[in-house]
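Hi everyone, thanks for coming. Let's look at this one together, and please have the sequence and the model open.

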Amino acid sequence: MTTPSNALPEPTAFGWRRLLYWSVRRELWENRAVYLAPMAIAAFALFGIALSTIALPHALRAIAAGDAKRAAVLMGPYAFVAFAVMATAFFVAVFYSLAALHAERRDRSILFWKSLPVSDLTTVLSKAAIPILVIPAITVAVTFAAQVAILVLTTLVTLLNGLDPNLLWSHLHLGLMWVALPYGLLVDALWTAPIYAWFILVSAWAKRMPILWAMVPFVVPAMVERGAFGTAHIGSFLGRRLFGGFNQAFSLDGMGKAPIGKLGDLDPLRAFAMPDIWLGLAVAAAFLAMAAWLRRRREPI
Amino acid sequence: MACIEARGLRKAYGKTLALDGVDLTVEAGRIVGLIGPNGAGKSTALSAMLGLTEFEGELKVLGRNPWTERDRLLRDVCFIADVAVLPGWIRVWQAVDYVAGVHPRFDRAKADGFLARTAIKRTSKVRELSKGMVAQLHLALVMAIDAKLLVLDEPTLGLDLLYRKQFYDTLLNDYFDSQRTIVVSTHQVDEIQHILTDVVFLNHGRVVLSASMEDLEARYLELVVGPQQVEAARALRPIYERRALARTLMLFDGVARDRLAALGEVRTPGVADLFVALMGPPNAGAEGAAA
């Protein structure tokens with residue numbers, strides 16, 4: 001032996017990046033719906049869109065004959081599939097977050113996870129990464145793949161009917177779609193981060209039915225407010241927190257009243273200058289820190 | 001440095017004292033059986049050692065405070081906290097991959113070797129395995145980790161006799177060496193007493209007895225006497241006696257072997273009998289503590 005054995009570096013610890021990577025992988029093993037549900041919905045939507053291409057040649061001929069109203073319809077399937085995937089992803093993210101630190105206590109597996117050298121903070125961060133980063137990324141990828149499939153399918157139908165594909169292509173704004181979608185999902189992810197962080201915190205705390213505990217502190221005051229004062233400030237605050245991200249990203253006024261029409265309408269500076277985004281992220285960080293603190297002290301239920 | 005060092009270890013859940021001033025020293029290279037009735041504080045003591053619960057008093061595991069230095073400690077400490085804590089959804093290969101991914105001292109080849117000796121399929125989900133197989137899988141994962149301290153809390157609860165025996169045989173033959181320490185709590189004392197080097201009896205959150213097996217054997221003797229010698233034997237003040245058919249079984253603390261040998265057959269007592277002798281009848285005086 002030329003190298004003394006004690007010269008070998010003793011394996012002491014893995015870096016946080018490696019621990020986070022394996023923790024996220026574990027989440028995806030456990031929660032396959034995170035990617036399967038958006039994919040399944042996209043497949044259903046594609047099937048319906050494929051059936052609807054029967055009407056495509058007729059529409060294209062009408063457009064060629066000068067029917068401008070028909071042209072707007074050509075983007076319909078792209079928007080539809082994007083909406084279907086986003087809505088599915090939203091529900092998956094909500095239910096994932098509400099179970100994140102609850103299921104492991106219910107099935108007692110928390111005692112197994114805690115027997116390994118992964119800190120509570122790393123675990124909580126890996127679970128927060130699913131709704132805040134992973135699900136938006138999956139949404140973009142699945143939507144993009146589905147939209148490419150629609151493009152190929154409609155182009156084939158056009159060609160098979162002996163029509164000029166330029167007739168179809170010249171009315172699609174896919175460039176805008178493929179820039180706006182990732183941008184909008186990023187803004188939305190940052191915007192909604194405190195909501196998912198809240199759900200994760202409740203999942204660490206509640207003994208049963210985290211969904212109720214997550215909603216009661218907001219729904220009850222909103223109802224009392226409505227009953228006592230006839231106003232809806234709490235409700236509108238919640239609505240803004242839930243859907244404000246998309247409005248910020250996709251409308252000219254940030255209120256969802258004037259939709260964007262071209263790439264130049266996107267205004268990242270305005271979206272990221274909103275103090276609400278950064279305030280929300282600070283609240284999200286506080287919720288996640290509390291969730292890690294709670295997980296440390298929690299026992300199986 | 002002792003592997004585990006506890007001084008005045010206390011833990012209260014509300015008004016209930018789970019641990020009431022535990023003093024305990026576990027040296028490295030020992031296999032310690034932590035034995036006590038339900039609610040004696042065994043699991044709480046183990047939880048404190050593993051940094052799963054806050055505690056009062058002094059406790060050092062491998063020289064570290066398990067609560068404040070838990071993340072660091074876990075590289076050197078392994079545990080099976082309970083039976084059936086492996087999540088049902090995980091597949092065998094995923095469990096192996098994950099532990100290999102996060103534990104710097106995990107030896108995948110070792111784990112694969114242990115698993116190859118079982119009937120466990122790598123593609124099975126944990127929920128598809130029998131209880132015994134889940135315990136085998138958990139043990140394979142834990143034994144492949146080069147840890148200094150292994151803590152087992154009722155690791156064979158609910159397993160049949162064959163699996164229980166195999167579990168401890170594997171642990172002793174393929175894992176234990178002088179560098180490692182094992183602390184195990186169980187109700188099935190008889191089955192593990194041959195592998196233990198030390199026993200700790202716990203009752204009402206207190207250590208009733210902490211001794212090595214050699215000390216136990218030197219100090220306690222069991223005498224089997226016929227009816228005619230019973231009175232003579234009683235004069236030597238047994239700490240415990242029970243009838244077995246026509247004969248009487250008595251336990252003595254610190255009585256010379258030759259004095260007992262004159263009265264009947266002298267044996268080394270089983271840990272279970274000793275346990276019963278020292279703990280008294282179940283629940284005597286336990287109502288206050290258990291409420």
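Let me begin with a term: two residues are in contact if their C-beta atoms, placed from the backbone, lie within 7 Å. This is a predicted model, where local features need pLDDT of at least 70, side-chain atom pairs count only at pLDDT 80 or more, and totals for chains, interfaces and linings use all residues. Residues are numbered from 1 along each chain as its sequence is written, while chains are lettered from A and ligands numbered from 1 in the order in which they are written.

So, which residues does B:Val200 touch, leaving aside neighbours within four places in sequence? They are B:Leu24, B:Val32, B:Leu34, B:Ile35, B:Val207 and B:Ser210.

B:Val200 is also among the residues with the most contacts inside the largest nonpolar core, which has 98 residues. A nonpolar core is a set of buried Ala, Val, Leu, Ile, Met, Phe, Trp, Tyr and Cys residues joined through C-beta atoms within 7 Å; buried means that 20 or more other C-beta atoms lie within 10 Å of a residue's own. Domain 1 (4-204) and domain 2 (217-290) of chain B, with bounds from an automatic or database domain assignment, both contribute residues, so this core lies between them. Another core, of 54 residues, lies apart from it and includes A:Ala84 and A:Leu190.

Now chain B as a whole. Of its 291 residues, 43% count as buried. Its C-alpha trace spans about 65 × 40 × 35 Å along the principal axes. Among its contacts with a separation of 6 or more, 69% come from residues 24 or more positions apart.

Note on methods: A residue is buried if 20 or more other C-beta atoms lie within 10 Å of its own, exposed if 12 or fewer, and partly exposed in between; C-beta atoms are placed from the backbone.
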